[in-house]
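I opened this notebook to record what I looked up about ring contacts and helix packing, in the order in which I looked.

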Amino acid sequence: MSSAKKKTSANLSPLLRSAFEVLNHGLHHYFRSNTIMDMKFALLHVDQAIELLLKERVRAGGKSIHKPNNPKETISIWGAYDILTKDLDVQVPEKPDLELLHEERNDIQHKYANPSPEDAAFHVAYAMKFIRRFVKDELALDIKEFVSAEYLDQL
């Protein structure tokens, strides 16, 4: 992407803006303290950011993020993976690690799980490895433009 076409938050899609907002908020919780509450919110938000990034790539690839039989509802993270790999030939080699994070998120949201700081550290490290690659390779963006350097320098 040329510097003349450099993207700013003002010309990002709403999906992408939201992804970076919740990612920054999740990292805020992650670095703020290692309490159970902060670890919960960190993982919930980082997982949500990943889902939004995947949906943005689906949208940018010319595919709808809405379910075919229910246009009021968007696809799930699993639907995004399917469209990316089957329709857009986008590979996500980090998917096994991201699945673990999404499972942890489901346990937090639906089963009142309490992630440990060690589990949160694992999930955030692997999520950020994916996010850094995906944002650069699939969305042609520099993550440093949208995520606080304070957080990136610590990961």
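Before turning to charges and rings, I noted the rule that a charge sits over a ring if NZ of Lys or CZ of Arg is within 6 Å of the ring centre and within 35 degrees of the ring normal. I also noted that what I have here is a predicted model.

**Entry: a charge and a ring.** I looked up Lys 95 and found that its charged end sits over the ring of Tyr 81, at 4.9 Å from the ring's centre. Tyr 81 itself counts as buried, because its relative accessibility is 2% and the limit for buried is under 20%.

**Entry: aromatic pairs.** How many aromatic pairs are there? Taking rings of Phe, Tyr and Trp to pair if their centres lie within 6.5 Å, I have a count of six aromatic pairs. One of them joins Phe 20 and Phe 146, whose rings are stacked, with 4.8 Å from centre to centre and 5° between the planes. Phe 20 belongs to helix α1 (residues 14-32), while Phe 146 is in the loop between α5 (117-137) and α6 (149-152), so this pair ties together parts that are 126 residues apart in sequence.

Trp 78 is partly exposed, with a relative accessible area of 40%, whereas Tyr 81 is buried at 2%. I also recorded a cluster in which ring pairs link Tyr 30, Phe 31 and Tyr 151.

**Entry: helix packing.** How do α1 and α2 run relative to each other, roughly parallel or roughly antiparallel? Helix α2 covers residues 36-60, and α1 packs with it at an angle of about 160°, the axes being 7 Å apart. Since angles over 145 degrees count as roughly antiparallel, the two helices are therefore roughly antiparallel. Their crossing is left-handed, and the residues of this contact divide into 14 nonpolar, six polar and five charged.

For α2 and α5, I found that the axes come within 10 Å and cross at roughly 20°, and these helices are therefore roughly parallel to each other. The crossing of α2 and α5 is left-handed.

Notes: Residues numbered from 1 in each chain as written. Predicted model: local features only at pLDDT ≥ 70, side-chain atom pairs only at ≥ 80, totals over all residues. Heavy atoms only, no water. Phe/Tyr/Trp six-rings, centres within 6.5 Å; stacked < 30°, edge-to-face > 60°. Helix = DSSP H or I, 4+ residues; strand = E, 2+ residues; numbered from the N terminus. Buried < 20%, exposed > 50% of the residue type's maximum accessible area, 1.4 Å probe, protein only. Axes fitted to C-alpha atoms, helices over the stretch in contact; angles between N-to-C directions. Parallel < 35°, antiparallel > 145°, perpendicular 65-115°, else oblique. Left-handed = near helix turned anticlockwise from the far one by under 90°. Nonpolar A, V, L, I, M, F, W, Y, C, P; charged D, E, K, R; others polar.
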